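Visitor: I would like to learn how to read helix packing and backbone angles. Could you walk me through an example?

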Amino acid sequence: MPYGLRVAAAVSWRLLVVAAALTVLGFVATRLASVLVPVAVALLLAGLFSPAVSWLAGKRVPRGLATAIVLVGGIALAGGVVTFVVITVTVGMPGLIDQVTASLTDLHTWLRTGPLHLSQGQLDQMLGNLTAMLDRNKSAIASGALTTAVTVGELLAEALLAVFCLIFFLAQGRTIWTFVVRAVPARLRDRVDVAGRSGFTTLAHYIRGTAAVAFVDAAGIGLGLVIIGVPLAAPLATLVFLGAFVPVIGSVIAGGIAVLVALVANGVWAAVIVLAVVVGVMQVESHVLQPLLLGRAVRLHPLAVVLAIGLVTAGIVGALLAVPLLAVFSSGVRSLTARPENHSPGRTAPGASRSSLEDRAPDPGAP
């Protein structure tokens, strides 16, 4: 048997085993998505809120009480933002409808007097075709509304599960991690412990840096919308903030929606100015904010980020979780494959600061 053929066969069957294992893991993850996704979201939020809880605990506030204070403050802040957005939409929607009506009137006039020279009969036929299409799809629209209602119920249940997990991650995270590590063989326990802490530190750096970048993006684009006079500037800025958590595509889609609203409500030149503002803010984000705020804490090649988002099949939630999970996996693998002396007592894991490890040191009396 030729040597090259033996090597190719050995590599091939190993690749088949890895592909089968990944397929099984993907199948199990899909079936358990209603549990795994809330847990992953709770981990993201734990990385965001843990500094505040640790700071309060350092001020001799009981950790349970510190967790309650941070969660109540976070929920109050989120509720205030949602209330502000709803009020802004309610107040600004009549004006937007008037502007859209005026734009449609101008479009109707342009279709009749512009280069197309459509007759009134042709326009009425187009409107009739649109109405008939909506009538034919009434059942589909109704079933879609029912599906949306069911989805909203599932999302509420998953949100409650995420909050429940977040409470325990913040209050007893060190104890939980110590218990998990004890399931690992003793000879690998220290390396896995350091790798896990390094992964969580990377996750915390990622979510905090992304939140700061998202805030700056929303503030910059929102200020531009207010100056230009685009209606619903606050909801659009909130959409930009949320979109920034989905790397690469989130900010682009949110900025595109802002440009579309400006085009419909304020005209072509306003849309061009908004587009310039969005592009300028994105350039500042990619060349200044991300290197400054994220730095080397999240060391992922841009190609890996794009592939992680492009290969994901779990929709918006998958795009949201793909990059942070990839960052955690990369940090953990770097820590596990580092030389043993890097894991000796007194040394920090790659990508983790000494203070972050001390903040997450296991409780001496943990079970």
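Predicted model: local features only at pLDDT ≥ 70, side-chain atom pairs only at ≥ 80, totals over all residues.

Visitor: At what angle do the axes of H2 and H6 cross?

Guide: Two packed helices are described by the angle and the distance between their axes. Here the axes of H2 (residues 33-58) and H6 (residues 186-228) cross at roughly 80° and come within 8 Å. Axes are lines fitted to C-alpha atoms, for helices over the stretch in contact, with angles from 0 to 180 degrees between N-to-C directions; helices are DSSP runs (H or I, at least four residues), numbered from the N terminus. H2 and H6 are therefore roughly perpendicular (65 to 115 degrees).

Visitor: Which residues of H2 and H6 make the contact?

Guide: With contact meaning heavy atoms within 4.5 Å, they include Leu 43 and Leu 44 of H2 and Phe 200 and Leu 203 of H6.

Visitor: Which value does phi of Arg 60 take?

Guide: Most residues other than glycine have a negative phi. Phi of Arg 60 is positive, near 70°, and Arg 60 sits in the loop between H2 and H3 (63-113).

Visitor: Is Leu 232 buried or exposed?

Guide: Leu 232 counts as buried, at 16% relative accessibility, whereas Arg 60 is exposed at 80%. Buried means under 20% relative accessible area and exposed over 50% (1.4 Å probe, protein chains only). Phi of Leu 232 is also positive, near 60°.

Note on methods. Residues numbered from 1 in each chain as written. Heavy atoms only, no water. Helix = DSSP H or I, 4+ residues; strand = E, 2+ residues; numbered from the N terminus. Parallel < 35°, antiparallel > 145°, perpendicular 65-115°, else oblique.
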